[in-house]
Amino acid sequence: MTRLTGKAPNRRRWWWLLLVAALGTACTTVFTTQLTTPGAEALTKGQALLGKKTVLAIVAHPDDLEWYIGGTLRRLSDNGANVQVVVSSDGEKGPNKIDAPDLAAARRAEQAAAGAINGYTKIHSLALPDRGVAADPRFLPEAARIYNEVKPDAVFVFDPSSPALPYLHVDHQGSAREFLKFWDTLGANKPPVYLFQTRRPNVAVDISGVIDTKVRALAQHVSQNGGSGSGMKGFFAGSGKQVGVEYAELFRELDGK
C-alpha cells in the first residue's frame with residue numbers, strides 16, 4: 001500500500017508537467033511572430049511589392065510610419081513610386097521629451113521632416129484626437145476620400161486581427177479595422193493590403209540597404225525618442241534573420257482579387 005500511494009503523486013506530477021509544456025508550446029505558437037511562407041518566397045513577394053507605382057499608408061500617429069515600415073516606403077520612393085501617407089492624429093497625448101508648448105504642432109513638424117527624408121509625395125494629416133482615431137466618425141470618410149483620390153495599387157495598415165505582441169494601441173488596430181471595412185466593400189480586383197506589425201507575415205522586404213536612412217527618419221521624432229532612432233535596429237535585425245537578410249520589414253498580404 002505504501003508503494004502504490006507513493007507512485008500516484010509522481011504520475012500526477014508528470015501529467016501536470018506535460019500539460020504545462022503543451023500549454024507553453026501552444027502559447028508560443030499563437031503569440032509569437034511566425035512566417036506563414038518560406039523565407040525565400042516571402043522575399044520574392046517583397047520584391048513584387050517594391051514594384052508598386054502608387055501606394056497609400058494609413059497610420060494613427062507621427063512616427064508610426066518610420067518605425068514600422070519606413071524602410072519599405074524609402075525603397076518604394078527610390079523606385080519612383082508615388083508614396084502618399086495618412087497620419088490620422090498629431091499624437092498630442094504622447095511623450096513630450098522636448099517640453100514643446102504645442103506638442104501637436106511639434107509632432108506634425110517632425111513628421112514632415114521624417115517624410116522628407118523618406119521621400120513621401122504627400123502627407124495627409126487628419127488631426128483627429130489622439131487615442132480616439134478609430135471612434136471618430138470623421139476617420140473613415142476621410143480615409144475613403146483620400147483613397148479614392150490617390151487610387152493606390154497597394155495600401156498599408158496595421159494588422160488588426162493578428163498584431164505582433166506585446167505592444168497594442170487602440171488607434172493602431174482600431175484605425176486598420178475601420179479602413180478594412182471600407183476595403184471590403186470595394187469588390188473584386190481591389191488593390192492588396194499589406195498589414196504590418198503582424199505576427200503572421202507572408203511578405204518580407206529587405207531593408208538592409210536603407211537601414212541608416214530608416215534610423216535617420218525615425219530620429220526626427222525628437223519629442224518621442226530624444227532624437228535617436230538606433231534602438232530599432234535590433235528589432236528589424238530579428239525580422240531579417242527570419243528570411244536570411246540583415247534587416248527586413250514583414251507584412252501580411254491580403255489579396256484584393
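In which hand does α6 cross α7? Helix α6 passes α7 in a right-handed crossing, where right-handed means that the near helix is turned clockwise from the far one by less than a right angle, and left-handed that it is turned anticlockwise. Before I go on, please keep in mind that this is a predicted model, in which local features need pLDDT of at least 70 and side-chain atom pairs count only at pLDDT 80 or more, while totals for chains, interfaces and linings use all residues. Residues are numbered from 1 along each chain as its sequence is written, and side-chain values use heavy atoms, with hydrogens and water left out.

Let me begin with the overall picture. The protein has 10 helices and 7 strands, these being DSSP runs numbered from the N terminus, with helices as H or I of at least four residues and strands as E of at least two. Of its 257 residues, 49% count as buried, a word I use for under 20% relative accessible area, with exposed meaning over 50% and partly exposed in between, for a 1.4 Å probe and protein chains only. If we take the contacts (heavy atoms within 4.5 Å) between residues at least 6 apart in sequence, 80% of them join residues at least 24 apart.

Now to the interior. In soluble globular proteins, nonpolar side chains tend to be buried together. A nonpolar core here is a set of buried Ala, Val, Leu, Ile, Met, Phe, Trp, Tyr and Cys residues joined through side-chain atoms within 4.5 Å. The largest such core has 53 residues, and Phe 156 and Phe 179 are those with the most contacts inside it. Helix α6, residues 139-150, gives this core its largest share, 6 residues. Apart from it lies another core, of 6 residues, which includes Ala 42, Val 243, Ala 248 and Leu 250. As for Phe 179, if neighbours within four places in sequence are left aside, its contacts are Ile 58, Phe 139, Leu 140, Ala 143, Tyr 147, Val 155, Val 157 and Val 193.

Helices α6 and α7, the latter spanning residues 170-184, pack at an angle of about 55° with their axes 10 Å apart, the axes being lines fitted to C-alpha atoms, for helices over the stretch in contact, and the angles running from 0 to 180 degrees between N-to-C directions. That angle makes α6 oblique to α7, given that under 35 degrees counts as roughly parallel, over 145 as roughly antiparallel, 65 to 115 as roughly perpendicular and the rest as oblique. On the α6 side the contact is made by Phe 139, Leu 140, Ala 143, Ala 144, Tyr 147 and Asn 148, and on the α7 side by Ser 175, Glu 178, Phe 179 and Phe 182. By class, this contact has 7 nonpolar, 2 polar and 1 charged residues, where Ala, Val, Leu, Ile, Met, Phe, Trp, Tyr, Cys and Pro count as nonpolar, Asp, Glu, Lys and Arg as charged, and the others, Gly among them, as polar.

Not counting residues up to four places away in sequence, Tyr 147 touches Leu 56, Pro 152, Val 155, Phe 179, Phe 182, Leu 186 and Pro 191. Its C-alpha atom is separated by 9.8 Å from that of Ala 57, which is 90 residues apart from it along the chain.

Helix α5 (residues 103-118) and helix α8 (residues 211-219) pack at an angle of about 165°, with axes 8 Å apart, and that makes α5 roughly antiparallel to α8. Their crossing is right-handed. Here Ala 114, Ile 117 and Asn 118 of α5 meet Thr 213, Arg 216 and Ala 217 of α8, and the residues of the contact divide into 3 nonpolar, 2 polar and 1 charged.

Helix α4, residues 70-78, has 7 of its 9 residues buried, so it is largely enclosed by the rest of the structure. Just after α4, Gly 80 takes a positive phi of about 90°.

Finally, some backbone details. Asp 63, in the loop between β1 (54-59) and α3 (64-68), has a positive phi of about 90° although it is not a glycine, and Asp 63 is buried, with a relative accessible area of 18%. Gln 197, in the loop between β5 (193-196) and β6 (203-206), has a positive phi near 50° and is buried at 9% relative accessible area. The peptide bond from Leu 165 to Pro 166 is cis, with omega near 15°, and Pro 166 lies in the loop between β4 (154-158) and α7.
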